[in-house]
There are 2 protein chains.
Amino acid sequence: MNQLFEQLNPYLERNMAFEAAMTLFEWDLETLAPTAGLEYTSKVIGILSDEYFKNIVNDQVKTLVDQLKRENDLSDQERAVVKELSDRLEKLKAVPPEEYKEYASLKAKSTAVWAKARKDQDYAAFAPVLEKVIFYEKRFANYRSEKGKDLYNILLSDYEKDFDIKTLDRFFGELKTHIIPLLKTVTAKNDAIDDSFLYASYDIVKQREFARFLAEYVGFDFERGILAESAHPFTTNLHNRDVRITTNYHEKNLASAIFSVIHEVGHGIYEMGIADDITQTIVGTGASMGIHESQSRFFENLIGRSKAFWKPIYGKLVALFPTQLEKVSLDEFVKGINKVRPGLIRIEADELTYCLHIMVRYEMEKMIIDGNIDIRELPGLWNDKYEEYLGVRPQNDAEGILQDIHWSQGSFGYFPSYALGTAFASQIYHHMNQEVDLNKVMESGVLKPVIEYLRTNLHQYGKTKSARELLTAVTGEDFNPHYYIEYLKEKYIRIYDIKV
Amino acid sequence: MNQLFEQLNPYLERNMAFEAAMTLFEWDLETLAPTAGLEYTSKVIGILSDEYFKNIVNDQVKTLVDQLKRENDLSDQERAVVKELSDRLEKLKAVPPEEYKEYASLKAKSTAVWAKARKDQDYAAFAPVLEKVIFYEKRFANYRSEKGKDLYNILLSDYEKDFDIKTLDRFFGELKTHIIPLLKTVTAKNDAIDDSFLYASYDIVKQREFARFLAEYVGFDFERGILAESAHPFTTNLHNRDVRITTNYHEKNLASAIFSVIHEVGHGIYEMGIADDITQTIVGTGASMGIHESQSRFFENLIGRSKAFWKPIYGKLVALFPTQLEKVSLDEFVKGINKVRPGLIRIEADELTYCLHIMVRYEMEKMIIDGNIDIRELPGLWNDKYEEYLGVRPQNDAEGILQDIHWSQGSFGYFPSYALGTAFASQIYHHMNQEVDLNKVMESGVLKPVIEYLRTNLHQYGKTKSARELLTAVTGEDFNPHYYIEYLKEKYIRIYDIKV
């Protein structure tokens, strides 16, 4: 180890430990902590967060990082760690420690307030907390906005460095051009597919059993991970040997848990695949939000909604739910899970309308962060946009603006990565398919070659390579939304038997 | 707040946060963390433990504590905090930080090694870890043994300050004198009670349902706590609004989960009853291990094994398990759960033989810590003692020396508190019964007056009063084992219809 780097090591180890502790508290609050404990536990998290902050934002670390940035004798991994730490310091040092602590403490509570508001369909109960979260997000972005950039661009850069408002406006513009007409053609033929069987009654105990089977089948290693339940499905991890995913079961919706599980398993497999020598460092996690989402979407949609994937396992699902499924053929099932249903809930959206859900959030975030909008107007605005783009209008805020956890956690600028990640997934699939015959692998009932390909080419590197470097290394070209658009066109023209 | 005390506050707050984080990690490892994550997570815990150590063992804190001990202008609570911190520093400062960290890291792994060894009935797999744990326990005790005291006395004092080897030898001696003859009389009449119904087959899903009902019925507040499962039942808490208990269900043993739940609820109610203004301080927990155990034993035995307790709720249990219980009357059930069965497993012991289980451990601990015994001889020694005192011999180490979690966690000197606590419980019961008619309260089906009495007289104070102070305040006299012995005599003479 480089001698100068060695001096940084105690700070890095503490950083890792404080982060792991905060991750565990967050996991715990969202899955099983008793409700009345929130206030006192938030105090604990506030103090840990303060320690986390002070441990890296100080003169000793600043001096070491400045020296290390000029040091030639560093391994690739050490260099990546210094770069990542330097980026974080740039971001953190702009914020006064006291405000950072206040915000951390607020965020520890805000998710529970959101969860209750969603349950009660009561946006007004959430609005004051949301307003405070937005206040801090804007304030912190403002501290970092020395060059007079749009604040929203600063937030976007936290999740996907090379994709700013300009790029995203163009990306979403292209999707609009191609998808709106396709969606119209498809919805005109929508009666052709019957998916009513998905909304029969499905016993939750059996759904749990299938979810566990499915997670393991796709490649989630239960020696290194757990599957639990929470209001909104998510993935978190302490390191590559402790990866935690959640889902949420609905008795009257079979597809909801199935696809959220496959989705989170995609995230989980990524984190399980990070190399051992970096997993407990600050570069030991996914390269970017978009790359992370490319992995979850890859499994959820390109793998999980294909006929080849279901061929070996559909029988098992039918055996669990004979009354509901014995008259539904494999072909009918696969059509059913791909039916386009312009709906209200993002995480239950089909592939075709998915990016429209993101577009609503993207446009609203631009207004929230850089516009001048009254917090009380947001639900109405949300509902109007859904009506305009998707032709559906929420009847209450639980199925509208309160559906997602993200804003309660201060994740503004994060949603666009969902659309980008989905586009990355198609690009990766296209190139991977030239080396691994994906249909054949899926039909074989053993998905290991897929996991191995991704681990070798992508997962292991963590943040030691940037999103763009990884995408180029895996696919041989820079980001290209063409594959995503072509994939959607080919798929829906086929499924809906559309004459071109 | 006293100005000098205020300077200590940041250290105290960090102390609280690091302790809460370590508690959460321990909880998580014992309940749901994935098995393969242990090594990396132990590293995290090691670092947090190191931070915990450095935060209080340093010159600034030492100076402040020395000044505060001479300060007159402190509130009672501040004074209690300073005393507790001073006691901890005395203990910690004797140990070199590096060794403290090594040991914390070892302990994070050792419990899982124990759990696996127990599962595999493989003492040899646990022995090397146990040997290391003992090495650290003795080494650390040795650092603190300036006055040439027996090392075991030092370990005992960590759990129960005023009860040393001499006192305990006398206490156990008295129990031997009274209980061995009583046990002989009772076992001679043992066929008089049939408890075979307790070992029928009891569906675990229904046992879970009853356990939750029972926990709530006794007084566990599910807004402020959770009930989970682990290899060995335990209670832990982050503060008075986040209290966590576990149990362990056995299909062929109804009483096991029932009484472990009531026992842990007793611990849990104590922690839930600590006053708000001290819960997040270092005096915001139970006064001593013995006092804690007095609360769990109070509920498990004096309340939970009485006819009056079961009168309002036995019908519910029968309704859940009609096939197994409909022919068992309330009287037969109460006799069954009180049947004396000299057995191998401490946590399933009846009240009469319980202290003999503790005596085995007490005698072995004296030899392990102050004697010169080969670690490989322990299982044989354990088995011999069981044969001698209880007339039963373990057939494997899972039902022998591997049954308890405690030694894997380095808790030597802790077991005697179990016997003391049980004796405290009888003393408390006797005096409480003069103010609250306990039989009447139990028969009413509402246990609130019991909880309120304990909260008012005992729970709220946490560690601001010593075990002995509390016992004297509640019962009006110093520790007196007479109540325990009388209680056992009266109970078993009655149940077994013994002619005196």
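This is a predicted model: local features need pLDDT of at least 70, side-chain atom pairs count only at pLDDT 80 or more; totals for chains, interfaces and linings use all residues.
## The surface between the two chains

The contact draws on 39 residues from chain A and 39 residues from chain B. Between the two chains there are 6 salt bridges, one of which joins the side chains of A:R244 and B:D28, with a distance of 2.5 Å from N to O. Side chains of opposite charge can pair in this way when their charged atoms come close.

Polar contacts also cross this interface, where 16 residue pairs, with both partners at pLDDT 80 or more, are found to be in polar contact. On the side of chain A that touches chain B, the elements giving two or more residues are the helices α1 (3-31), α2 (38-56) and α11 (276-279), along with the strands β1 (225-229), β2 (235-239) and β3 (242-247). Among these elements, α1 of chain A gives the most, with 11 residues. Sorted by kind, the residues on this side of chain A comprise 19 nonpolar, 8 polar and 12 charged ones.

## How the two copies are related

In general, two copies of a chain are related by a rotation about an axis and a shift along it. Here, chain A is superposed on chain B by a rotation of 180° with 0.0 Å of shift along the axis, and the RMSD is 0.0 Å. The two copies are therefore related as by a two-fold rotation axis.

Which residue of chain A comes closest to the rotation axis? That residue is A:A21, whose C-alpha atom is 3.1 Å from the axis. The same surface serves both copies, since 100% of the contact residues of chain A recur in chain B.

## The fold of chain A

Chain A has 23 helices and 3 strands, and its C-alpha atoms fill a box of roughly 70 × 50 × 45 Å when this is taken along the principal axes. For 500 residues, a compact globule would have a radius of gyration near 23 Å, and the value for chain A, 23 Å, agrees with this.

Over all chains, the structure holds 76 salt bridges. One of them is formed within chain A by A:D276 and A:R241, whose closest N and O atoms are 2.6 Å apart. Because A:D276 lies in helix α11 of chain A while A:R241 lies in the loop between β2 and β3 of chain A, this pair ties together parts that are 35 residues apart in sequence.

A:N248 is found in the loop of chain A that runs between β3 and α10 (254-272). Its C-alpha atom is separated by 38 Å from that of A:P96, a residue 152 places away along the chain.

Which residues does A:N248 touch, if its neighbours within four places in sequence are left aside? The contacts of A:N248 are with A:R118, A:S230, A:A231, A:H232, A:P233, A:S256, A:A257 and A:S260. For two of these residues the contact involves a backbone oxygen, as the side chain of A:N248 reaches that of A:S230 at 3.4 Å and that of A:A231 at 2.6 Å.

## A positive phi in each chain

Most residues other than glycine have a negative phi. A:D497, however, has a positive phi near 55° although it is a residue other than glycine, and A:D497 lies in the segment after α23 (482-495) of chain A.

In chain B, B:D497 likewise is not a glycine and has a positive phi of about 55°. The place of B:D497 is the segment after α23 (482-495) of chain B.

Notes
Residues are numbered from 1 along each chain as its sequence is written. Chains are lettered from A and ligands numbered from 1 in the order in which they are written. Side-chain values use heavy atoms; hydrogens and water are left out. Contact means heavy atoms within 4.5 Å. A salt bridge is a side-chain nitrogen of Lys or Arg within 4 Å of a carboxyl oxygen of Asp or Glu. A polar contact is a pair of N or O atoms within 3.5 Å; within protein, one must be able to donate a hydrogen and the other to accept it, and residues adjacent in sequence count only if both atoms are side-chain atoms. Helices (H or I, at least four residues) and strands (E, at least two) are DSSP runs, numbered from the N terminus. Ala, Val, Leu, Ile, Met, Phe, Trp, Tyr, Cys and Pro count as nonpolar, Asp, Glu, Lys and Arg as charged, and the others, Gly among them, as polar. Copies are superposed by least squares on the C-alpha atoms of residues with pLDDT of at least 70 in both. The radius of gyration is taken over C-alpha atoms; the globule rule is 2.2 Å times the number of residues to the power 0.38.
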